[in-house]
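I opened the model today to see how the chain is put together. My notes follow in the order I looked things up.

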Amino acid sequence: MNGPVRAWLAELAWLPGLGVRADVLIEAAGGRFTAVSPGVPAGDIPDDLRAVVTRLPGLTLPGLANAHSHAFHRALRGATEVGPGTFWTWRERMYQVAAALDPDSYLALARAVYAEMALAGITCVGEFHYLHHGPGGAPYADPNEMGRAVVAAAAQAGIRITLLDTCYLSGGLGPDGRPQPLSGAQLRFGDRDGEAWAARAEGLGADEHGLLGPLARAGAAIHSVRAVPEDQMHPVVAWAHRYGAPLHAHLSEQRAENEACLAAYRRTPAEVMYDTGVLGPRATAVHATHLAGRDVELLGGSRCYACLCPTTEADLADGIGPARELAAAGCALTLGSDSQAVIDLFEEARRVELGERLATGQRGHFRAGALARAATTDGHASLGWPDAGEIAAGAIADLVTVGLDSPRLAGATPATALASVVFAASAADVRHVVVGGEDLVRDGRHLLIDDVPGALAAAIRPLVPG
Ligand SMILES: [Zn+2]
């Protein structure tokens, strides 16, 4: 294999099929793991690796996958937390930020947000990207300039990205069931129709495997039944099939979305997406909060992923979705930071279980290992990186190490380390991050972007008045 040989000795590592093991010697070359050997004390490290081995105190996990992100929403953190309102009033503030961005400011903001994600142990992000065009909807000279800014931002922050290029055509379903025209900031999201979306997505220039670069791939998204009329969904589905690409969609985040969909189509959003061929093993239903009738059966039977974003769903007062029923029906669960209310996948993971507890009055729905799988293996697969998200020979060499010496985690043992991290760690406990076999975060410092808080503040201040 090409590339430098790397080796790490993890005090503890979470390994597929084995759970947490001690003294795990992890070797990599050419950006992939070549050998993973538990139970190798430091004194037993082969001589040829001794000079290159890096010790990783704490619990080492595969890199985390953030399966649903809108990077620019990060500018709203703290700005919308006071006062009454709903998802719909929050959305007006979000549109104000969307209206203010251009390719340069979008790049600067997304770069800083992805650096914040890297510091939180996220090595792969699914960016649900719909801010395509200039003010009023005028295309840039390169109609994919905003998408390319997002991909460049991830490269500069050192993380993997799946650009989920989003089809967004209408401003909602009217009382008569007809799609409403786009207005205001929404004009920047829209392509003329599904075919125009596909032509623009084609212009991204993905190779036959959907790759846009060594750490970037293209995927597709249907914003929601609110934003894409049923008869315009097919070109998006066809494009995703052609590239074997992930296909994501917001689904039943809001009750009002369900009501409008029932009025327009006499079917639920899940039924519309099922009937149009959106749902399938490469698809992800984002939120899936307000499901009814046979929705769970359709989602589970199609083997699509269900991406839960519990901190956003709580922040926006969306509701608590049926995570247990979805998992039991056959949906692998994934996690997303969505509106960036916080960027902490440990928080998202535990809230899946804690939400179930609050909703049912019972404990013990999801074990720590199942929640960790959502944050790693299944998250990566849902973003088109099925060979990432596991510490195993042959897999992409992405790692995150969580220190167990913080006040939150001190006292964890090998037997309790995974549950301690999933149920009590914060993003601030992440010490080291490796992407493609190369260090990205060392001792809590981002190696490519020296001052991440400074970069965030500089990008956000011009966008949020006051
Ligand atoms: Zn979203």
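This is a predicted model: local features need pLDDT of at least 70, side-chain atom pairs count only at pLDDT 80 or more; totals for chains, interfaces and linings use all residues.

His 248 has Thr 284 of β11 as its bridge partner.

I checked the faces one by one. Leu 247, Ala 249 and Leu 251 are buried on one side of β10.

I looked up the domain assignment, which gives domain 1 as 6–62 + 390–452 and domain 2 as 64–382. Their centres, taken over C-alpha atoms, are 30 Å apart. The contact between them draws on 24 residues of domain 1 and 26 residues of domain 2. On the domain 1 side, the elements giving two or more residues are β4 (53–62), α15 (417–424), β15 (430–435) and β16 (438–442). I noted that α15 gives the most, with five residues. By type, this side of domain 1 has 19 nonpolar, three polar and two charged residues.

I traced an open sheet of eight strands with mixed pairing, in the order β3-β2-β1-β4-β14-β15-β16-β17. Which strands stand at its edges? They are β3 (32–37) and β17 (445–446); each has a single partner strand, so one side of each has no neighbour in the sheet.

With β2 (residues 19–29), β1 runs antiparallel over nine bridges. Nine of the ten residues of β1 are buried, so β1 is largely enclosed by the rest of the structure.

I took α4 (residues 145–157) as a test of helix geometry. Its 13 residues reach 18 Å from first C-alpha to last, close to the 18 Å expected at 1.5 Å a residue. The buried residues of α4 are Met 146, Gly 147, Ala 149, Val 150, Val 151, Ala 153, Ala 154 and Ala 157. They pack against α3 (103–119), β6 (122–129), β7 (160–167), β8 (211–213) and β9 (216–222). Gly 158 follows α4 and has a positive phi, near 85°.

The largest nonpolar core holds 159 residues. Those touching the most other members are Ile 26, Leu 109, Tyr 114, Ala 118, Ala 154, Ile 159 and Leu 299. I found that α3 supplies the largest share, twelve residues. Domain 1 and domain 2 both give residues to this core, so it lies between them. I listed the contacts of Tyr 114, setting aside neighbours within four places in sequence: Ala 71, Val 125, Ala 153, Ala 154, Ala 157 and Ile 159.

Most residues other than glycine have a negative phi. I therefore looked up two exceptions. Arg 303 has a positive phi of about 60° and is not a glycine. Arg 303 lies in the loop between α9 (295–301) and β12 (305–308). Asp 338, also not a glycine, has a positive phi near 45°. Asp 338 lies in the loop between β13 (333–335) and α12 (345–360).

Which of the burial classes does Asp 338 fall into? Asp 338 is buried, with 28 other C-beta atoms within 10 Å. Arg 303 is partly exposed, with 15 other C-beta atoms within 10 Å.

Technical notes
Residues are numbered from 1 along each chain as its sequence is written. Domain bounds come from an automatic or database domain assignment. Two residues are in contact if their C-beta atoms, placed from the backbone, lie within 7 Å. Helices (H or I, at least four residues) and strands (E, at least two) are DSSP runs, numbered from the N terminus. Ala, Val, Leu, Ile, Met, Phe, Trp, Tyr, Cys and Pro count as nonpolar, Asp, Glu, Lys and Arg as charged, and the others, Gly among them, as polar. The expected span of a helix is 1.5 Å times one less than its number of residues. A residue is buried if 20 or more other C-beta atoms lie within 10 Å of its own, exposed if 12 or fewer, and partly exposed in between; C-beta atoms are placed from the backbone. Two strands pair if DSSP finds at least two bridges between them. A nonpolar core is a set of buried Ala, Val, Leu, Ile, Met, Phe, Trp, Tyr and Cys residues joined through C-beta atoms within 7 Å.
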